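Please look at the model shown here.

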Amino acid sequence: MAGLLTKAAAKAFPKSLWLYHCNSGACNGCDIEILNVLTPYYDVERFGMKLVGSPRHADVMLLSGAVTRPTLPLVKRAYEAMPGPKLVFGIGSCAAGGGCWFDTYNVSGGGAAAVPVDYLIPGCPPRPEAIIFGVALALGLVEQKASPVELKQVEFPIDAYLRNKAWEERNVIYRLLKD
Amino acid sequence: MWLASKIKQVVLALKPGTVTLKYPAEPRPAPKNFRGQPVWDHTKCIGCAGCADHCPARTILLRDICQDLRVLLYDGARCMYCGRCADLCPEKAIVMSPDFELATGDRNDVTQSLELFMLTCNRCGRCFDMEIKNAIDKLGLRGYRYDSLEARTVLRRTTDRLAPEVLDETGTFRRPEKIGG
């Protein structure tokens with residue numbers, strides 16, 4: 001029975017991702033949410049995920065925080081220590097793009113400056129559901145919902161120009177200047 | 001005795017039941033006042049750049065690509081979702097939507113861009129002064145009337161427009177001395 005279950009689980013989730021949580025100067029907001037994901041309430045271990053203490057055991061690095069200057073070489077070393085194939089999740093706006101410290105003097109400007117970030121999970125901090133959505137996206141359980149939005153004012157606002165013109169005609173000074 | 005404690009543990013564990021969320025299988029909407037991805041309404045936006053001025057992470061950029069066209073770019077990857085843009089938008093064109101499922105592999109997937117038509121100013125004939133670095137011309141854009149000939153002779157734009165004799169005078173200029181000193 002147990003063997004059958006294991007086989008079914010292995011078929012459903014061919015790869016169990018082991019997570020290494022790397023804090024590169026975060027404010028602990030994202031770290032709290034990552035730990036929240038591992039609690040029984042959100043329970044990311046349903047997907048076979050497990051928090052490990054060493055990058056040498058890990059497949060996935062959960063990077064939180066804009067990579068500060070002191071932590072930059074350490075993050076690089078931790079990434080090199082992970083056996084391939086490896087994934088990096090940038091958790092929070094800081095790791096995704098630098099947050100509001102993207103151009104500060106002692107911050108290298110997001111996780112992409114140190115390691116190749118494969119998945120971005122923006123949020124400040126992201127909800128635990130958002131993190132679960134990110135890992136489910138990596139596992140192929142859900143479809144991606146974010147897509148670039150491009151909006152255009154297609155209709156040329158001619159009525160505004162007409163309104164301006166009417167205002168000019170009403171305005172006496174313009175008429176006086178013309179004469 | 002040990003069996004009784006085990007049974008007690010099992011009873012305690014069974015009491016709350018299953019608490020784990022079935023989140024990716026079942027939807028879990030955000031709470032009421034949750035601030036997710038900001039969404040622009042391009043029909044309401046007037047292009048005042050208040051959101052771009054006040055964004056703490058400076059994720060909102062405004063670019064004037066010509067006199068009538070203004071482009072607003074939003075980069076959600078480093079957005080803090082503070083909702084400040086939505087707070088101060090005078091036209092309420094920005095709404096903080098409850099969307100939080102923004103995980104993506106590509107940074108461009110969380111961007112938004114708006115193309116806005118701008119009007120030409122009745123007074124100065126343009127709506128922005130991106131090119132003008134001259135302080136006097138900026139004063140002109142703010143309404144300072146500079147079209148009288150007398151004012152033009154007084155206010156020089158640059159030094160290379162000065163006449164050569166005037167420049168010579170400045171080279172040999174001497175401060176007024178004390179009478180009899």
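## Chain A and its contact with chain B

In β5(B), Q112(B) is the bridge partner of V149(A). That bridge belongs to a strand pairing: β6(A) pairs with strand β5 (residues 111–117) of chain B in the parallel sense, over four bridges. Two strands pair if DSSP finds at least two bridges between them.

This is a predicted model, in which local features need pLDDT of at least 70 and side-chain atom pairs count only at pLDDT 80 or more, while totals for chains, interfaces and linings use all residues. Residues are numbered from 1 along each chain as its sequence is written, and chains are lettered from A and ligands numbered from 1 in the order in which they are written.

The contact takes 42 residues from chain A and 36 residues from chain B. Two residues are in contact if their C-beta atoms, placed from the backbone, lie within 7 Å. The table lists the elements of chain A that give two or more residues to the side touching chain B.

| Element of chain A | Residues |
|---|---|
| α4 | residues 92–97 |
| β5 | residues 119–121 |
| α5 | residues 128–139 |
| β6 | residues 149–152 |
| α6 | residues 158–170 |

On this side, α5(A) gives the most, with seven residues.

Chain A has seven helices and six strands. Helices (H or I, at least four residues) and strands (E, at least two) are DSSP runs, numbered from the N terminus. From that end, the order in chain A is α-β-α-β-β-α-β-α-β-α-β-α-α.
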